[in-house]
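The sequence and structure are shown first.

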Amino acid sequence: MNRKYRKTIIAGNWKMNMLPSQVKPFADELKAVSPRAKWCETVICAPFVDLPAAIKAFKELRISVGAENLNENEKGAYTGEVAANMLVDLGVKYVIIGHSERRQYYGETDFSVNKKVHAALEAGLQPIVCVGESLEEREMGITLERINLQVKAALSGVSAEKMRRVVIAYEPIWAIGTGRTATAEQAGEVCGAIRGVIRDLYGARIARAVTIQYGGSMNDKNAAELLAQPDIDGGLIGGASLVPAKFAAIIAAANQE
Ligand code: PEP
């Protein structure tokens, strides 16, 4: 973390878990165990149907709410889809874009990710753009090339002004939901390289200010070590964000004096 230059963001990704009726009990439990988040912004990204309940329940806790996806079109005949301005109208602030599960199961590509990033920014949302290499790519030694390409493609055509609202999440695919976390050094190296790509594209000032999260089996035990890396400015947390005590411990790790 580098609190002088950029915001630390701890974001939960509930994925396809948590019923709307479970949101308020979760918020109450989190409130009971949660430390004061002095240094970080806390976000919960929830399934679409949970969003109204989440916005209501987390307001008092000063926790922002994010969606897990959006449609890149403004409106129209796209049955079953949700547009960026619908999320904004609800009071949603963030949206996860290009999570590896969406790339893997729903055919999202670097190109569709770029379109979604533009749609989110145009509507006033803050995209959390996920990038990450597969195990095969890491073993072949092409991690940084892969990440470089994903970051450049996702940000293609994004202005410097809008870049101030973009968050990048480095999520090695082999570490998501596997219990196998990247070492702090591995994660720090890639997050540093991502900042380097942003520096090349937008200059040192913007690169210094951009929040880059790590995601991939981050939990209450390993969060402090990962967050101690200078280029890791928070976490995108799946499994541990479903357990109030574990999520609270990660928030506490981000708020250590
Ligand atoms: C994620 O879904 O973005 C994630 C990192 O999941 P987990 O923390 O469960 O690995």
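A pocket is here an open set of grid points with protein on both sides within 12 Å along at least five of seven lines, and its lining residues have an atom within 4 Å of a point. The model described is a predicted one.

## Largest pocket

The largest pocket is lined by 28 residues, and those nearest its centre are Met16, Glu68, Asn69, Arg102 and Tyr106. Two elements, helix H4 (100-105) and helix H5 (110-123), each give two or more residues to this lining. The largest share, three residues, is that of H4.

The space in the largest pocket comes to about 600 Å³. Its lining comprises 12 nonpolar, eight polar and eight charged residues.

## Second largest pocket

For the second largest pocket the volume is about 360 Å³. Of the 14 residues that line it, Pro35, Arg36, Ala37, Leu61 and Arg62 lie nearest the centre.

Strand S2 (residues 40-46) contributes the most to the lining of the second largest pocket, namely three residues. By class, this lining holds six nonpolar, two polar and six charged residues.

## Cysteines

A disulfide requires two cysteine sulfur atoms within 2.5 Å. By this rule, the model has zero disulfides. Cys130 takes part in none, the nearest cysteine sulfur being that of Cys45, 8.8 Å away. Cys130 counts as buried because its relative accessibility is 3%, under the 20% limit.

For Cys191, the closest cysteine sulfur is in Cys130, at 12 Å, which is too far for a bond. Cys191 is also buried, with a relative accessible area of 0%.

Methods: Residues numbered from 1 in each chain as written. Predicted model: local features only at pLDDT ≥ 70, side-chain atom pairs only at ≥ 80, totals over all residues. Heavy atoms only, no water. Buried < 20%, exposed > 50% of the residue type's maximum accessible area, 1.4 Å probe, protein only. 1 Å grid on protein atoms, 1.4 Å probe; cavity = no way out; pocket = protein on both sides within 12 Å on 5 of 7 lines; lining within 4 Å. Points joined across faces, edges and corners; volume = space filled by probe spheres on them. Helix = DSSP H or I, 4+ residues; strand = E, 2+ residues; numbered from the N terminus. Nonpolar A, V, L, I, M, F, W, Y, C, P; charged D, E, K, R; others polar.
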